[in-house]
Amino acid sequence: MKRSMISAVAIAAAPIALTASPVSAGGVPVIDEANYEVAKQTSATTDKILGTNKEILTTVEDTLKAVTGERGSDAGQLQNLAVGNGFSVSSVPSFDSLLSSGVPNFGNMSGDIAKIASAFINSLQLVKNLSGNANSSFSGDKSYEQMVSTVMSVAALVNGSQQAVSSRRSAFEQAGQNIGQAQDIKGSIDQNTQLQVQAGLTINELIGVMNGAVTSLQAENQRRLTDISNSKKVLTYNDN
């Protein structure tokens with residue numbers, strides 16, 4: 001009888017045990033610590049990558065701004081170094097046209113330089129021509145007039161060039177103080193480009209001065225040829 005009661009109790013308790021085990025396993029969430037740590041590290045790494053990409057994008061945008069766009073404020077202050085408002089060889093008229101019928105014509109040349117050149121040539125107290133005849137066709141008179149025009153042109157060229165050298169030196173020294181003050185790379189590049197342009201214009205001024213010197217030599221050669229020709233005419237014997 002006692003054994004039968006124990007069996008009955010065991011049989012009655014068995015369904016309860018079988019029923020409680022599945023509820024405990026399936027009803028309560030289970031956290032996998034290892035997977036959680038991996039997911040956490042992955043999230044942190046992704047966040048760092050996004051931050052780095054954002055910094056790279058900002059750097060690229062800043063670089064693009066630094067190498068593109070207009071920088072007139074940086075380069076514009078250097079654009080008048082070579083000539084500016086001062087003397088330029090290009091303002092000197094051609095030597096052939098400077099003296100017309102004995103009257104100087106300085107064209108667009110500075111008034112101060114024209115006055116100095118005129119005063120210089122007047123101080124020489126030269127005669128108008130060698131023959132003394134108005135509207136002379138004598139070759140010596142033409143050569144003489146060309147020499148007078150050349151002397152006047154060279155006087156203006158030398159005086160103007162001396163003034164330009166002084167003003168150009170001051171302009172370049174002032175420009176040197178602005179080197180390194182550009183706001184970015186593009187500004188520095190534009191400044192450097194403008195300096196190259198101004199250097200080219202300065203060289204062009206030098207070429208103009210040298211052309212003046214060559215023209216002066218040419219006038220001297222022309223005078224010599226005229227003198228030789230006239231001497232030959234005088235020494236030619238004509239028995240008629």
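Contact is taken here to mean heavy atoms within 4.5 Å. By this criterion, in the predicted model, residues 24 or more positions apart account for 79% of the contacts in the protein chain with a separation of 6 or more.

The protein chain contains seven helices and two strands. Read from the N terminus, its elements follow the order α-α-α-α-β-β-α-α-α. Of its 240 residues, 25% count as buried. The accessible surface of the protein chain amounts to about 17100 Å², and carbon and sulfur atoms contribute 59% of this area.

The packing of helix α5 against helix α6 was examined in detail. Two packed helices are described by the angle between their axes and the distance between the axes. Helix α5 spans residues 111–123 and helix α6 residues 139–176; their axes come within 9 Å and cross at roughly 135 degrees. The crossing of the two helices, α5 and α6, is right-handed.

On the α5 side, the contact is formed by Ile 113, Ile 116, Ala 117, Phe 120 and Ile 121. Helix α6 contributes Val 148, Val 151, Met 152, Ala 155, Ala 156, Asn 159, Gly 160 and Gln 163. By residue class, the contact of α5 with α6 comprises 10 nonpolar and three polar residues, with no charged residue taking part.

Conventions:
Residues are numbered from 1 along each chain as its sequence is written. This is a predicted model: local features need pLDDT of at least 70, side-chain atom pairs count only at pLDDT 80 or more; totals for chains, interfaces and linings use all residues. Side-chain values use heavy atoms; hydrogens and water are left out. Axes are lines fitted to C-alpha atoms, for helices over the stretch in contact, and angles run from 0 to 180 degrees between N-to-C directions. Helices (H or I, at least four residues) and strands (E, at least two) are DSSP runs, numbered from the N terminus. A crossing is left-handed if the near helix is turned anticlockwise from the far one by less than a right angle, and right-handed if clockwise. Ala, Val, Leu, Ile, Met, Phe, Trp, Tyr, Cys and Pro count as nonpolar, Asp, Glu, Lys and Arg as charged, and the others, Gly among them, as polar. Buried means under 20% relative accessible area, exposed over 50%, partly exposed in between (1.4 Å probe, protein chains only). Accessible areas come from the Shrake-Rupley method with a 1.4 Å probe; for residues, only the protein chains shown count as cover.
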